[in-house]
Amino acid sequence: MKRTRLLTIAGALLAMLALALLAGACGDDDDGEEADGGTDGGGATTVNITAQDGDKYEFVLDKTSVPAGEVTFALTNEGDLEHELLVYPAQDIGPLLEEKVAAVKAGEELSISSRIEGLVTDAAGEHELEVEPGKSGTFTVTLARGTYELGCIIVETIGSETIDHHSEGMRATLTVE
Ligand SMILES: [Cu+2]
């Protein structure tokens, strides 16, 4: 009789222990979810970008607005040419590109990136991400609120044509809130 009662108590204790462990495990899961959902609370937000240069030169974004703070741009080049990504406050860089096109047509090299106002750099001081066809890469920067343009400013001669990627459509607007 006495032994049976002890076993019952032991069984009850084991059951309580098991419940406590289960509760603990559930608690861990909840913590994990909070960590995953942390993009709202301060972690880097990722913007996935696809670069295309078939019928149309373009950057296709999976989101067009992000919260201010760290932003990672993940660029996948689905085109046949190399592309680059620069991030800068929205502005008209048309005149700079015209100069660059004229230079390329004259067989010269001209870098215009240093003349783009507020060009955003990453922690290493890099201002661009260059990605070969079929490859992908990331670029992490810190952005304050504002309207930004993501652009590819490559100008190159293919055959007898001088192609200015940005003017062909390789640009997109990102709102940082
Ligand atoms: Cu490009």
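Here are legends for a set of close-up views of one predicted model.

Figure 1. Before zooming in, here's the overall layout. The protein chain holds three helices and 11 strands, and its elements run α-β-β-β-β-β-α-β-β-β-β-β-α-β. Of the 177 residues, 19% are buried. Take the contacts between residues at least 6 apart in sequence: 73% of them join residues at least 24 apart.

**Figure 2. How confident is the predictor, and where does pLDDT stay under 50?** Mean pLDDT for the protein chain comes to 85, with 76% of residues at 70 or more. The stretch to watch is residues 16–40, where pLDDT stays under 50. For that stretch the model has two contacts beyond four places in sequence.

**Figure 3. The four-strand sheet, E2-E1-E4-E7.** This sheet is open and its pairing is mixed. At the edges sit strand E2 (57–61) and strand E7 (136–143), each pairing on one side only. Ignoring direction, neighbouring strands here are turned by 25° against each other on average. Now strand by strand. Strand E1 (residues 45–53) pairs with E2 in the antiparallel sense over five bridges, and one spot to look at is isoleucine 49, whose bridge partner in E2 is leucine 61. E1 also pairs with E4, this time in the parallel sense and over seven bridges; there, valine 47 has phenylalanine 73 as its bridge partner in E4. E4 and E7 run antiparallel and are joined by eight bridges. In that pairing, leucine 75 stands opposite glycine 137 in E7.

**Figure 4. The five-strand sheet, E3-E11-E8-E5-E6.** Here's another open sheet with mixed pairing. Its edge strands are strand E3 (65–66) and E6, and each of them pairs on one side only. At the E3 end, E3 and strand E11 (residues 171–176) pair in the parallel sense over two bridges. Serine 65 finds its bridge partner in E11 at threonine 175.

**Figure 5. Strand E5 and its two partners.** Is strand E5 (residues 83–89) mostly covered or mostly open? It's mostly covered, with five of its seven residues buried. E5 pairs with strand E6 (residues 128–131) in the antiparallel sense over four bridges, and glutamate 84 has glutamate 130 as its bridge partner in E6. E5 also pairs with strand E8 (residues 146–151), again antiparallel over four bridges. For leucine 86, the bridge partner in E8 is glycine 151.

**Figure 6. The largest nonpolar core.** This core has 22 residues. Which of them have the most contacts inside it? They are Ile49, Phe73, Leu75, Leu85 and Leu150. The elements giving two or more residues to the core are E1, E2, strand E4 (69–77), E5, E6 and E8.

**Figure 7. Phenylalanine 73 and its contacts.** Let's stay with one of the core residues that has the most contacts inside the core, Phe73. Which residues does phenylalanine 73 touch, leaving aside neighbours within four places in sequence? The list is Val47, Ile49, Leu85, Leu129, Thr138 and Phe139.

**Figure 8. Threonine 175 in strand E11.** Threonine 175 has its place in strand E11. Why does threonine 175 count as partly exposed? Because it has 13 C-beta neighbours inside 10 Å, which falls between the 12 or fewer of an exposed residue and the 20 or more of a buried one. Not counting residues up to four places away in sequence, threonine 175 touches Thr64, Ser65 and Thr147. Threonine 175 and tyrosine 148 are 27 residues apart in sequence, yet their C-alpha atoms are 6.3 Å apart in space.

**Figure 9. Helix H2 and the glycine after it.** Helix H2 (residues 94–105) has 12 residues. From first C-alpha to last, H2 reaches 16 Å, close to the 16 Å expected at 1.5 Å a residue. Just after H2 comes glycine 107, which takes a positive phi of about 80°.

Notes
Residues are numbered from 1 along each chain as its sequence is written. This is a predicted model: local features need pLDDT of at least 70, side-chain atom pairs count only at pLDDT 80 or more; totals for chains, interfaces and linings use all residues. Two strands pair if DSSP finds at least two bridges between them. Axes are lines fitted to C-alpha atoms, for helices over the stretch in contact, and angles run from 0 to 180 degrees between N-to-C directions. A nonpolar core is a set of buried Ala, Val, Leu, Ile, Met, Phe, Trp, Tyr and Cys residues joined through C-beta atoms within 7 Å. Two residues are in contact if their C-beta atoms, placed from the backbone, lie within 7 Å. The expected span of a helix is 1.5 Å times one less than its number of residues. pLDDT is the predictor's confidence in each residue, from 0 to 100.
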